[in-house]
Amino acid sequence: MNTVPPLANNYEVRDFVVSKDGTKLFAIIESGNVTKFYRFTNINATTWTEDCSDVVINNADLSPRILKLYYYDNGTKFKVLCGTAPNSINLATSNLYEVYDSNIINPLCTITAINNTGVILFFQNLNYDEGDATDGGITAIEVNEHLNVIYVAAMRYEPPAIVSSHIYRATYDPSNGNINANSWTDVSNFMHNKAVIAMSTNGRSVCNESVYACLRGLGGWILDLPQGTVNQITQADFSSSTSITKSGLLSGPVVCGTSIVTIDGANIGITDPTVTISVGQGQTLNIINGASLFACGDMWQGIINNGGTVKIENSSIDDAKNIVANNGGSNGKLTATNSTFDHNYIGFSFLAANFGTSSITGCTFKCTGGQITKAPYNGQQTRYHISISAVDGLTIGNSALNKNTFQNASKAIFVTNSNVEIINNQFEWIPNNLNTWGEAIYIDGKPTISTIRKIGGSANANDKNTFINWKHNIIVNNAGKILIENNVINPLAANRSTVGISKQKCTDVTIKGNAINRTNNGIMLFDNAGATVTVTLNTFNKNLPYDFAKYDDEAIRFENNLYLKTKIYTITSNQIYNVAIGIHGTNTNAVVNYNTYHTDITTSDLNTYTTTHNSIAHRGIWVQNATGTSIVANTIDWAGTVTLAQLPQLQGVRVQGSFACNLQENIIKHIGAGIDIFDDCSKSTFYCNLMERCYNGVYFDINSVNNKLTDQGTTGVSWYNRWDNNVATNHIDGNFTQTNLMFWNFVGAIDNPNPQPFSIIYFQPIQVGSILGFARNPEPLMSEAGRNALFGAAIGDSSITDYDSLEYANSDKTTFYVLATEDSTILYLGTASDAKYQAEYDSITETNIGKFEDAKTLLLANAKQLASQKLASMQDQNAIDQNKIFMGTLLAIGYDPALDADSDTIPLVMNIAMQHPFYGGEAVYIARAMLHVNVEDVLPPLRRKKPTFTALQNETLQIKFYPNPAKNTVTIISTTEFENGTKLILQNAMSSLIQRI
């Protein structure tokens with residue numbers, strides 16, 4: 001007996017329940033008409049923990065008063081019953097309340113009146129006879145439905161006038177509640193002169209029952225009263241047409257031996273970890289009416305459905321390695337309704353069949369405490385609540401019925417190569433001390449099917465799924481025809497998601513109407529090289545304030561390892577609030593239209609951000625190596641007032657190293673750099689954009705040495721970009737150093753670009769009288785002079801005389817070759833100089849530039865062997881070529897950094913990703929996309945020096961090479977420059993000569 005302290009204010013224990021593991025106690029404490037609900041987290045502790053405010057459960061003057069508290073919903077919720085009769089509950093005069101514990105939606109001690117349905121009926125006219133003892137009255141009643149036993153506590157007067165408490169035990173018939181009046185056994189094993197005021201058994205267990213009793217006053221707990229004989233469940237029970245209604249223990253595998261086997265309200269403890277329940281074709285297993293199956297020791301195997309029907313309704317199954325393995329082909333069927341599943345390693349698995357008639361609705365899947373408690377998976381979390389492989393026709397959830405709830409698993413729903421719809425489910429991650437996080441929905445495979453698969457659905461129905469606190473919510477790889485629509489991802493502020501929706505290597509994808517909040521990466525799209533991917537009508541952080549504690553987020557990110565010419569991404573009509581980067585694309589063109597981006601970040605937080613987070617700016621739209629991207633009719637604004645400090649901190653649209661982009665009819669307000677140009681953006685056109693109260697409407701980024709832009713306006717026509725109240729003196733500013741003159745046509749004062757700091761030899765604004773109408777898109781005319789201005793440096797001998805002339809020449813020739821490949825009019829103007837351009841184009845085809853473009857084309861066509869051969873033919877002449885060969889070879893061998901067990905290559909890729917693209921070339925963008933990293937490009941503080949030549953001398957060098965072990969090609973890095981005449985000898989481990997260089 002363990003003594004507990006008295007309660008303050010004359011509160012008295014009226015009833016309590018003990019958790020099924022015997023470690024926690026929940027009690028109803030009463031004084032007069034004031035009732036409190038307590039949680040006592042250690043049954044042997046010496047202090048109470050009050051978790052609730054005072055609640056009045058019933059103000060009626062009940063005499064005598066009965067308060068009864070008992071579990072339901074697998075031990076996470078309770079019911080409180082108030083009644084008037086001492087030995088029974090009269091439903092007509094009772095009040096029933098729900099109490100929720102450890103529930104996200106309803107916190108502990110939310111008490112709500114509910115209908116008096118499904119209530120345990122306490123047994124009327126309960127009598128017992130103890131010979132000469134005088135009945136002093138029943139003081140407590142406890143029913144263990146699972147053992148079909150009842151406990152009664154009573155005060156007895158025994159001659160001569162001895163007062164004592166005893167606890168009696170009897171069996172009863174659960175079908176009618178009848179108890180044999182002479183069947184009572186005294187099991188109290190003690191005598192005490194204080195009344196037992198309340199009792200509880202440890203949950204539903206038939207494995208090893210304990211009974212707890214509380215004495216009036218100071219009280220104490222009495223543990224482990226003797227357990228009666230437990231019923232044994234055998235093969236005979238599964239071979240009979242009679243329903244299994246008595247709870248008991250199952251000690252060996254069983255096979256359904258009749259057409260219908262029903263476990264009706266019985267609770268079956270499984271004592272042998274090898275136990276399976278097998279259901280054959282044409283057979284049905286029903287588990288209904290509060291039945292439960294669970295392990296007494298180690299986890300059991302579960303139910304094997306070999307083509308029959310398994311029905312689970314208002315029941316629970318725990319501790320299984322696989323609750324139901326549906327292995328029997330299309331004849332198999334599973335129906336699960338309003339049931340609970342806890343601490344299972346794998347919940348339901350479906351394999352290689354059509355399960356169109358199966359359904360799962362209103363169920364709760366969880367892993368309480370975050371980890372399994374039984375061997376062999378103790379300490380691990382649930383792997384999958386539902387696993388689906390090579391399945392067609394299955395729908396998880398139903399918009400017309402109760403939601404399924406999924407909690408805490410490595411992957412709640414795991415789908416491979418299957419056609420599955422997932423609607424009307426709720427995914428809740430309950431934080432725990434394991435510090436592990438899972439993925440709510442993970443879909444992999446089956447890229448080419450005719451049926452559109454849905455996650456969520458109509459906004460006007462209950463199709464949507466909701467996600468709370470999961471780090472990774474919806475992950476889809478190598479799949480096709482997926483519609484992700486109207487879902488809600490809404491973690492609590494303290495439990496932000498890492499990824500909202502991620503799509504990689506998918507085709508024909510629509511992500512529409514989803515609400516995504518507090519997510520570091522809202523929608524991530526990687527290497528989706530097939531049909532169109534559409535992201536539309538989604539909202540990000542709508543009506544939520546800026547959260548500076550988690551400022552490093554992006555709303556929409558789309559990128560491919562290799563640049564794609566096809567516009568596969570359509571990003572349109574999304575509403576983005578309070579993220580650092582709204583829309584970010586790399587190595588692919590896209591349609592980015594009609595989106596809105598707004599941030600409320602304060603000036604102080606913005607200043608802190610740029611000094612603590614790698615100086616990455618806040619950007620509405622950011623494209624890198626994204627030739628041909630269309631950015632039309634977007635609205636981008638900040639709530640603050642712009643000063644010079646915001647020029648590098650806030651950028652509306654940043655176009656980086658991207659040719660032939662179209663920026664049209666965008667509205668950019670209160671931003672440092674409205675349109676930010678970085679690197680070679682030849683042939684990009686700005687048409688009818690409004691820059692309102694920006695510091696500079698257009699800014700050529702100061703960090704670039706290769707900023708380029710084509711003439712803005714054609715043949716005396718303005719494309720009508722407008723500057724409204726530009727904050728700085730210059731509407732256009734920055735670093736613009738291309739060798740050929742660029743013209744900017746404008747009309748009137750509001751369209752005056754005013755680029756005074758630029759030298760007239762580089763940049764010249766020209767006032768004209770006509771404006772290109774809104775109904776027309778700007779189409780730059782390719783004239784002889786225009787072609788020479790764009791590509792003369794690549795064709796002639798006019799590279800800038802500079803220590804960086806190698807990089808300038810490479811950039812000029814790459815720009816010419818890529819654009820001429822896509823637009824043949826560059827080579828065929830019908831002028832005498834065409835021959836020079838055609839000859840240069842043919843010449844570049846045989847250089848590293850042409851070979852790498854050919855290799856990219858082969859890689860995109862999945863001709864990896866041919867691509868490897870083309871890469872091997874390239875000459876490793878400089879850092880740009882070296883990077884191209886290395887990154888191209890990684891793509892050719894299918895390298896995936898996520899699967900790099902040794903991570904030996906990742907630092908090499910990161911080294912390339914961190915290089916300035918002017919010096920590192922296009923491979924820099926490939927590396928960034930492969931690692932999904934954002935880099936703010938800053939030129940080295942010191943430019944490189946002219947090489948000096950010294951006499952050849954012997955020297956010990958520190959040399960590294962990769963890959964190691966070597967493939968067909970190898971990259972060598974030395975701490976010292978190789979001098980003229982240096983010889984490099986490669987030998988194998990046996991000192992045999994491999995190559996002399």
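Analyst: The protein chain holds 11 helices and 76 strands, and the model that shows them is a predicted one. Of the 997 residues in the protein chain, buried residues make up 55%. Among contacts between residues at least 6 apart in sequence, 61% join residues at least 24 apart.

Turning to the helices, two packed helices are described by the angle between their axes and the distance between the axes. For helix H9, which spans residues 906–913, and helix H11, which spans residues 923–931, the angle is about 130° and the axes lie 7 Å apart. An angle of that kind makes H9 oblique to H11, and the crossing of the two helices is left-handed. On the H9 side, the contact is made by Ile906, Val909, Met910, Ile912 and Ala913, while H11 contributes Ala923, Val924, Ala927, Arg928, Met930 and Leu931. When the residues of this contact between H9 and H11 are divided by class, 10 are nonpolar, none is polar and one is charged.

Directly after the helix comes His932, whose phi is positive, near 55°.

Helix H6, residues 848–860, packs with helix H8, residues 879–892, at an angle of about 15°, with their axes 11 Å apart. H6 and H8 are therefore roughly parallel to each other, and their crossing is left-handed. In this contact, Asn848, Ile849, Phe852 and Leu859 of H6 meet Asp881, Lys884, Gly888, Leu891 and Ala892 of H8. By class, the contact of H6 with H8 has five nonpolar, two polar and two charged residues, whereas the contact of H9 with H11 has 10 nonpolar residues, no polar residue and one charged residue.

For context from the strands, S61, which covers residues 673–678, has six of its six residues buried, so the strand is largely enclosed by the rest of the structure. S61 pairs with strand S58, residues 650–656, in the parallel sense over five bridges, and within that pairing Val655 has Ile677 of S61 as its bridge partner. S61 also pairs with strand S65, residues 696–700, again in the parallel sense, over four bridges, where the bridge partner of Ile675 is Val698 in S65.

Ser241 is exposed, because its relative accessible area is 65% and exposed stands for values over 50%. From C-alpha to C-alpha, Ser241 and Val261 are 6.5 Å apart in space, although 20 residues separate them in sequence.

Key: Residues are numbered from 1 along each chain as its sequence is written. This is a predicted model: local features need pLDDT of at least 70, side-chain atom pairs count only at pLDDT 80 or more; totals for chains, interfaces and linings use all residues. Side-chain values use heavy atoms; hydrogens and water are left out. Axes are lines fitted to C-alpha atoms, for helices over the stretch in contact, and angles run from 0 to 180 degrees between N-to-C directions. Angles under 35 degrees count as roughly parallel, over 145 as roughly antiparallel, 65 to 115 as roughly perpendicular and the rest as oblique. A crossing is left-handed if the near helix is turned anticlockwise from the far one by less than a right angle, and right-handed if clockwise. Contact means heavy atoms within 4.5 Å. Ala, Val, Leu, Ile, Met, Phe, Trp, Tyr, Cys and Pro count as nonpolar, Asp, Glu, Lys and Arg as charged, and the others, Gly among them, as polar. Buried means under 20% relative accessible area, exposed over 50%, partly exposed in between (1.4 Å probe, protein chains only). Two strands pair if DSSP finds at least two bridges between them.
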